[in-house]
Amino acid sequence: MNLCEVHEKLGTTEQCLEYIEKMRWPDGVKRCPTCGCDKVVKVERKADSKNSRGWFYLCQEATCHQQFSPTAGTLFHDSHLPLIKWFQAIALVLNAKKGISAMQLKRDLGVSYKTAWYLYHRIREIMAEGEIPKLGGIVEIDETYVGGKRRGKKYQGHRDHKICVVGMKQRGGKLRLFHAPDAKIETLAAYIKEHVSADVEAIMTDELPAYPKALRISGHDEIIHKTVNHTAGIYSYEDVTTNGIESAFSLFKRGIVGQYHKISAKHLWRYLNESCYRFNRRDNADAFGDTVRRLCGFPPLTFASLTSDESEPF
């Protein structure tokens with residue numbers, strides 16, 4: 001759904017609430033989310049009040065008597081931002097191939113930077129895939145490092161101030177990106193064991209010496225393992241290449257350089273999840289509806305939890 005469609009279909013608070021209700025309860029409201037009672041009625045507000053919402057649900061259980069709306073207990077809960085701006089933000093985030101900065105979101109929505117930043121992170125909160133099938137077929141695995149340049153000091157290596165990202169991509173399938181502590185044998189083996197099926201057709205990597213040992217430890221030593229020698233300037237021969245995962249890395253890094261400019265190590269995993277979420281749904285016509293459904297399934301995220309123990313941006 002693009003911005004024009006959001007404006008046409010979800011231009012009022014009433015339309016937004018009805019859409020959230022449809023995504024959250026496709027079969028209608030059956031039970032109270034607080035006590036589970038099935039005696040729930042819809043109450044219309046007849047008198048004008050500060051609350052712009054014209055209706056709410058009421059639990060008829062005598063010990064509960066809870067009032068609730070479709071946004072109750074979700075990431076939309078207790079938000080002072082109009083729901084139309086939420087939906088506009090979702091459309092902007094999903095349709096921005098390289099992501100969109102909180103500053104740009106601020107300009108587009110006409111809100112403060114703090115509001116835009118908090119809103120964006122609440123949307124990112126639902127982009128973690130959770131329980132997902134392991135990658136199969138032909139899987140490309142690679143590692144990269146993200147972080148800016150440090151000037152005026154000498155370092156032992158060009159990566160000593162950067163952060164490692166391990167990536168895996170199934171050809172014609174899903175993408176996985178992880179904020180990893182390093183690219184050592186044990187670390188790579190753990191990621192491979194958890195996310196790559198034991199019966200894949202083949203695994204493609206570069207010439208990093210850690211991969212053969214990592215595959216053996218992870219139980220993938222009998223899988224066909226093919227490598228490309230990037231040091232020698234070889235990036236593809238026959239069907240052997242890691243260009244797919246490297247393309248995903250490039251897209252993510254262009255987002256950092258051209259959109260975000262600076263991100264913190266603490267939130268790196270959120271940006272990686274966002275990149276994977278958008279990539280894996282690039283052909284999904286209902287990506288907007290899927291995102292709203294997921295927002296309805298997550299509890300509220302406080303600003304304090306996002307800002308506590310903030311890491312330095314890199």
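Select glutamate 194: its relative accessibility of 53% makes it exposed (exposed is over 50% relative accessible area, buried under 20%, partly exposed in between, with a 1.4 Å probe and protein chains only). Glutamate 194 sits in helix α6, residues 185-195 (helices are DSSP runs of H or I of at least four residues, strands are runs of E of at least two, and both are numbered from the N terminus).

The model is predicted: local features need pLDDT of at least 70 and side-chain atom pairs pLDDT 80 or more, while totals for chains, interfaces and linings use all residues. Residues are numbered from 1 along each chain as its sequence is written, and side-chain values use heavy atoms, without hydrogens or water.

Next, select Phe76, Phe87, Phe288 and Val292, which touch the most other members of the largest nonpolar core, a set of 69 residues. Such a core consists of buried Ala, Val, Leu, Ile, Met, Phe, Trp, Tyr and Cys residues joined through side-chain atoms within 4.5 Å. Helix α3 (residues 83-95) contributes the most to this core, ten residues.

Now select glutamate 129 and arginine 281, whose side chains form a salt bridge at 3.0 Å, N to O (a side-chain nitrogen of Lys or Arg within 4 Å of a carboxyl oxygen of Asp or Glu). Glutamate 129 is in the loop between α5 (113-125) and β4 (138-146) and arginine 281 in the loop between α9 (268-280) and α10 (287-296), so the pair ties together parts 152 residues apart in sequence.
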